[in-house]
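Thanks for coming, everyone; I would like to walk through a few local regions of one model this morning. Please have the sequence and the structure open while I talk.

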Amino acid sequence: MDNTGHVLGAFFSDDKNENIYRGLLRCLLHPLGTPDNSTQGLKHGDLIDYVREVFEVDRVDHELYIFEELPIVPKHTQLNLTVLEANGLRGMDFSEDTCNTYCLVTLHHQVKGKNSWHLIPKSPNSSSKSTPSTSPSGLPRQNSLTEGARFSPISGRKGVDSLDCETARTLTVKHSSHPKWNEEFALDIEDMLSDELHLYVCDEDFSADVKPEKHKHHNLKHFLSVLRHNSESERDIGVTDSCLGKINIPIRDISTLGTDEWYDIVSLVPYKGKPRCIGKCHLQLGISYKQQELDERYQYSNDDFYRAYRQFLQHTYKICRKNPSRHVGDQYGCLTLKDYRVLKIFAVAYNIPKLSQVIVSLICQLEIQSEENLSNEQGDRNLSLALDELRMTWAIMQIGQKNILDRMPLTDSEISRYRKVASRYIEVQCITVDELPDLFPPSVEKMDVLKTKLGIVVQLLGLNLWEPSCDPKAELSDKLLRKLQSEISSWIDTQLEHVKEQKQDDKDEAVVEIEKIIDLVDTTCTHCTVLAAFQQFYNNIGINYYRTISFAMEKRISAVSCEVIEKMNKYKKKYNNFPANIMMASKLSLRLYNSLRRLFSELIQNVGRRDSFRMLISHYQEWFEESMIYWLQTFRSECIQRMEKALEIDKDLVVVTSLVKYSHSSVDVQTCFAQVIGEWRKIDLKDADCALMGVIKVTDIICDGARLYAHKVQSILERNCYFDNNHKAEFDVNDRLCITVNNIEHVRLYLSKLPELLAWDDIVLNISARHHSEIVGKQAHDTLQRLTDMANNEILSNCASLLKQICGKMQIEIERYMELFTRKSSEKTSSVDELLGYITNNLQTLETQLMPNIYPFMIEQLWNVTLTSLDNQIKQGNSPEFYNLMKQHLRSITAFFLQSGLDDRVLQSVICEEFKDKLDMNSKLTNDLMLDYFSQLSSNIETPTEYFGNLAYKAAYVEETRGHIMILVNVLRGSELPGLDPSGLSDPYVEVSLQPQKLFRFSHMQRTHVVKQTLNPVFNVLFQFPNISKEYLSLEGTCILLSVFDHDNIGRDDFAGEVVIKMSTIRQIGIDRSMDRVHASIMPLHRPKKPLQGPFVVLCMRDWDKDARKFVSDRHRFIHRQPMRTDKPDGFGLFASFLSSFTNRK
């Protein structure tokens, strides 16, 4: 056989090809698993003939190869099992997400005592450690596992029953009804016809102290007993764990192509005598040779699979060249179905990993694509399918793995071969760069073409299989970059030529150029806006697309923009006296500013802030410092125009909606303010000083606008007579009047939002940091606050004046209604109801239509008007009953206003208190008024401003019978009395009386004797006033009046002064006690003045009361007869000297 094999090998150019040919025949002649003999043309006999055709072996030689391979029957095979995932599992209580599941795997043999299985765990987790991607080429991945990683058969273990088997298990997935394991196992097969795969899905009991480790030896005594006693399975198994169900798969049912299916998990406990499915499990099964047990000649690696795949692929392309109408990939990718079937059987039989199969497919297609003359569209489609399959396979390998691998677990030969062919493919694509569409300006259509042309290159570069030192995209990147820069330069040249073109037009050259520059900058900004798809595509090629176009275009755009701005500044100076031209130029320059600002923002994102200083456009704000003044002027002009137009349109004062209480004009004005602020915030000046100046100007513009709006609204109201169309009827507040007032308030409230809208805090912080001084920041904030406060106060003042004018028009009607109950002969108390009815109707309108913050002020003004009108209507001199009736009316009016929403604090105002005091004073009886008057006189303990001497006296009282007393007054002497005679001296005497006289009508006035020609008279006269009621002592206002007069022989005696003694201050003495032991008192003399208000004034007005007339007449004797003193004021004593010196200093 060896000689024959040597002769046959002469037909192959390489011994490897012959070995591969033999391997293909062997796996087809001796299929591992169930072959597919149902499809015509795909039976193993047909595939054997097809292999001969692919390798171009003579039929005779082919039969000899078959003859040699037929006796070689495989003896050592293994089952390759991948447990992927399960779905729809339930715990023992049939609840979801409570399962802590794992799988037990064993291979059951029918012959007792010969149970033997080798378990080779190959999960991706272990692969990353035991099978590195840099393993020696040509060896299968599982061969790198050491023999120590296998489990020995238990039949050789001493002292163990043949049924006490070992098995392997997966990791435990906790708390999931859809566990994912993705773990691989290799189990030795003894008999493919009788062996069965048993897989048990278990729910781990975590109450156990010891938890099983992965691939730990597990005792199957209970599981094997399950096979014999199915009905007692749960009881036997459930020592620590609960078996949810199992899967039995006969080895003979596994296809030669492998099996990838979902299997039903059948419960061990039947339901009503029938098996019950408790979920499904996804398994991948395949039968392969045990490579370790094979002769070295019959071992096949990934490299052998590569040679076989390339042979089949070359045969396919060869057929395509002979038959151009046939496209590659008509049936299965780039291969025919027969090619796929043979290679799949070979890969399964020799346990070629799925990932290696896919990478080999990609490598071979790249090689053929670079060598064969195949249409790009068809070849790219096949390569794209191969790349998608590679990524999908790698993604599936990651499922359920905790430690994700950074790179695909491939052999060194596979990685090296991939790098070589991929680099060659990329080099071929570099040749066609000039045939690509324009890279600039970017468009979706061009990107689609680029993805079609370079999509495969991008995907190849995206695979993490390249060495860090290797840059396969360098040449392609350089060519594309040069092409991009050339196209950008050509495009910008064309655009600038269009800007410089001048047409016969009435517009100024600067105006035409700035309009074109604005369009150019906007277009450039659009091209520089990052699109994720474009950026990702070019980044994969190694080109920073947007950074390149940003630097290439910015320099040219900035230069031409500076030139146009200089021309516009000259244009503004030229047309400085023409507002329309200035406004148009300002708008154009502001548009250019905003366009450059947006462009700069995009460029910063593209190049980064660290490199932005390299661009001229970073100084764009400095170019417009002169233009900013014109912008602010334009803002002010447009604001005024918009306001006037809004007021003109809003003649009918229609509310915006039923939910608000203001009309469209106020909304339009606020919208105008918002637009000004929005335009300013778009400007976004970075220089702190310029930003502060601009914010101050914008604040001033808005404040002036609010003031102007309030003034114009007030003028409209006055011009329309406050919408009082019927002058003959009474004045009533209407809806239009309220809406107008609300408009002013609505606009005023906008001023309170300026600190937030204009970011005052940020401006203050920036200016403080700029000048390194918090004082500068505080001054800036005070300036801004002062602007708004002044505007706010002025508008409030105008609004208050407006409300007062409205109340003034209502005052006419209020006074007319008051005449009904303020006449001296008032009819009924209810006559105040008509007044309250009128006020009620107007207050309802005010409360309903006015804004909530205006109504309190309005009702306060109306209260003041009502109170003032009532005060004016009520005259003094009426009877106390009249004023008591007015007090009742006032209480009714006060209660009404309080109920209508008047604040209680308003009732405590000075006006209100004075009016109440006035009513209280006038409602008192004459006697009470007299008492009040003398109470004021006796309470006046202030030192008189003019000195009239002192009077010494003693006062006391003695108890009598029946609650009466006798008052004793001893007038002792006078000192330093004023001289009233021409000689400078006086003839003084003292009158002693009890006041008021109406209370003491039986106690007449008494007097001392006259002391001639002296200023220091000595009287020492005792007066008695018997039979006085003791109650008068504690009565406020009762007093003893000591009046000093100068006796004249001709005419009336002159009044020198008086002393008022409160009766409550005199002390009691016993009957047996003399006045000599009573302490004397010295009091200065006072000269009373006529009061302007108070009880005396009320008494003066009561000309209908004779007691009041007599009292007033008596007091006028003291008030009006006060002659000038004739003596020299040099003997005033110590007090007079002090008072004189103090007066001189003043």
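Let me begin with a question: which residues in α23 meet which residues in α26? Before I answer, please keep in mind that what we are looking at is a predicted model. On the α23 side we find A688, D689, A691, L692, V695 and T699, and on the α26 side their counterparts are W760, I763, N766, I767, R770 and H771. In general, a pair of packed helices is described by the angle between the axes and the distance between them. Here the two partners are α23, covering residues 688-719, and α26, covering residues 760-771, and they pack at an angle of about 145° with their axes 9 Å apart. The crossing of α23 and α26 is left-handed.

Next, a single residue in another helix. N594 sits in helix α18, which covers residues 579-607, and because its relative accessibility is 9%, with buried meaning under 20%, N594 counts as buried. If we leave aside residues up to four places away in sequence, N594 touches E679 and K682.

From there I would like to move on to helix α31, residues 910-922, whose 13 residues reach 18 Å from the first C-alpha to the last, close to the 18 Å expected at 1.5 Å a residue. The buried residues in α31 are C912, F915, K918, L919, M921 and N922. What covers these buried residues of α31? The cover includes α29 (855-873), α30 (880-899), α32 (926-939) and α33 (1095-1101).

My last stop is a sheet. It is open, it has four strands in the order β12-β11-β14-β15, and the pairing is antiparallel. The edges are taken by β12 (1006-1007) and β15 (1054-1062), and since each of these has a single partner strand, one side of each is left without a neighbour in the sheet. Strand β11, residues 988-995, runs antiparallel to β12 and is joined to β12 by two bridges; in this pair, E991 stands opposite R1007 in β12. Two helices pack on this sheet, and I will take them in turn. The helix α32 touches β11, β14 (1039-1046) and β15, and the direction of α32 makes about 95° with that of β15. Helix α34, residues 1106-1120, also touches β11, β14 and β15, and the direction of α34 makes about 50° with that of β14.

Notes
Residues numbered from 1 in each chain as written. Predicted model: local features only at pLDDT ≥ 70, side-chain atom pairs only at ≥ 80, totals over all residues. Heavy atoms only, no water. Axes fitted to C-alpha atoms, helices over the stretch in contact; angles between N-to-C directions. Left-handed = near helix turned anticlockwise from the far one by under 90°. Contact = heavy atoms within 4.5 Å. Buried < 20%, exposed > 50% of the residue type's maximum accessible area, 1.4 Å probe, protein only. Expected span 1.5 Å × (residues − 1). Pairing = 2+ DSSP bridges.
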